[in-house]
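Welcome! Here is a short briefing to read alongside the sequence and the 3D view.

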Amino acid sequence: MGSDYQETMSKKQIHFQNIQIKNKVIILFLIVATNLLTIYIFTGPHTNFQQLSTQYSHDPTDLVLNLNATRDELKMSRAQITGLRKELNSAHSLIEGLINQLTRLTDTIDQSNLNPKNPTYDDLLDDISDEAKLAIGPHKLPLGHNPKMGDEIYFSVGGGCLNHKHDLENYMSYEIGQECPSDDVSAQSLMLKGCEPLPRRRCHPKSPANYVEPTPLPNSLWATPPNLSIVWDPYTCKNYTCLKERQKAPGIYDCKDCFDLDGRESTRWLYDNGALDYGIDRVLEMKPHGTIRIGLDIGGGAGSFAARMKERNVTIVTTSMNFDGPFNSFISSRGLVSMHVSISQRLPFFENTLDIVHSMHVLSNWIPDTMLEFTLYDVYRVLRPGGIFWLDRFFCLGSQLNATYVPMFSWVGFRKLRWNTGMKVDRGVDKNEWYFSALLEKPLT
């Protein structure tokens, strides 16, 4: 730490010590006041009965009268003492409450002293392993100061990594230069908790045994890859046949029939029904021929949208997660570009660069409204002027459609080229569930 930081921390400690001294003085004052009150009660004038011996004569009548008067005074004194005792008990309870509050306040101040509200980046690295510090922490530039970067360079890692230090420790536990642990599931879990991107590691991922070369293009676009092309350790299914057949099995899986390239995947986006289902050729016709060249498919499952676009000389990058299935490996085996990122990450493209962005089902009402708004602005950012945002079957409730999502898409700034809505009826009309599909354009100016 620098001298300025040490001086600031020293001042804070002196300030906290002064507060603690003041608190102790207050407590001492309350204790002394309580004791003085107790002494007054038991030594005050109402308990001095020695004067009674001089207030009566030897006359029996006077003696009886004085005794009666004394008895009445005793009763009054006892009543006063009872009342004072009640007040004293109340005072004790109040003082105990104040002492407890002061103790909690002192503990809070001590904790604040130990954990300042504005910790440095180095403070956040205190409780992690040396290997994790090397992967996350700063490194001095070997050639000295750089006007663009300063004196140090930092690896890019998600801020959520430091909120889950135990999981991060497990992820960074390996033998340097050896094979990485088979921890794809826990690594992806870290990503979904905000640790995205993950830290780099100095180990080798496990390679498939008896690896088989991929099918050549263009046949690879619609061919199931060889089972020996990937490592199956993280997944319930251990071959592509199992993945294709689980669409018939009970249970919920992400994109349950995506791996069956001879099924529904073979006809997606080929036909336009004038409603929710848009055809690729009709979408491409909305722009001058050849001007839609590169784009992104957000949450593209097994990559079939990118395959259809590839057939039309359009290059699509597909983002996908591996939810109990080798989605990214499957996409790459088809000769397409996959990107293992979640919906939470900022789109890794420069602004005003993409001709088209597509998303089917992934962008829906399960995303918090504020987060969705940030995502839409990010889509707007990466699209070039005149670029198209193809929103494919966005799911929501009828009460949300006009109240939330129609205004949201308008204020982000897209221009509507096409907008279709349709009720989702498979669970019953009473559920009031809806889809809408849309083609939205980023304005030229």
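The torsion about the S-S bond of Cys180 and Cys203 is about 100 degrees, so this disulfide is right-handed. Cys180 sits in the loop between α5 and α6 and Cys203 in the loop between α6 and α7, so the bond ties together parts that are 23 residues apart in sequence. This is a predicted model, in which local features need pLDDT of at least 70 and side-chain atom pairs count only at pLDDT 80 or more, while totals for chains, interfaces and linings use all residues. Residues are numbered from 1 along each chain as its sequence is written, and side-chain values use heavy atoms, with hydrogens and water left out.

**Disulfides**

- A disulfide is a covalent bond between the sulfur atoms of two cysteines; here, a pair counts when its sulfur atoms are within 2.5 Å.
- Searching the whole structure turns up four disulfides.
- With the bonded cysteines of the chain numbered in sequence order, the pairing reads 1-3, 2-4, 5-6, 7-8.
- Cys180 and Cys203 are joined with an S to S distance of 2.0 Å.
- In the disulfide of Cys161 and Cys195, the sulfur atoms are 1.8 Å apart.
- The S-S torsion of Cys161 and Cys195 is about 85 degrees, so that disulfide is right-handed.
- Cys161 lies in the loop between β2 (152-153) and α5 (165-171), and Cys195 in the loop between α6 (184-192) and α7 (240-245), so the pair links parts 34 residues apart in sequence. Helices (H or I, at least four residues) and strands (E, at least two) are DSSP runs, numbered from the N terminus.
- Another disulfide joins Cys255 to Cys258, S to S 1.2 Å.

- Buried means under 20% relative accessible area, exposed over 50%, and partly exposed in between, with a 1.4 Å probe and protein chains only.
- Cys161 and Cys195 are both buried.
- Cys180 is buried at 9% relative accessibility, and Cys203 is buried at 11%.
- Cys255 counts as partly exposed at 26%, whereas Cys258 is buried at 2%.
- Cys396, at 0%, counts as buried.

**Two packed helices**

- Helix α11 (residues 369-382) and helix α12 (residues 398-412) pack at about 35 degrees, their axes 10 Å apart. The axes are lines fitted to C-alpha atoms over the stretch in contact, and angles run from 0 to 180 degrees between N-to-C directions.
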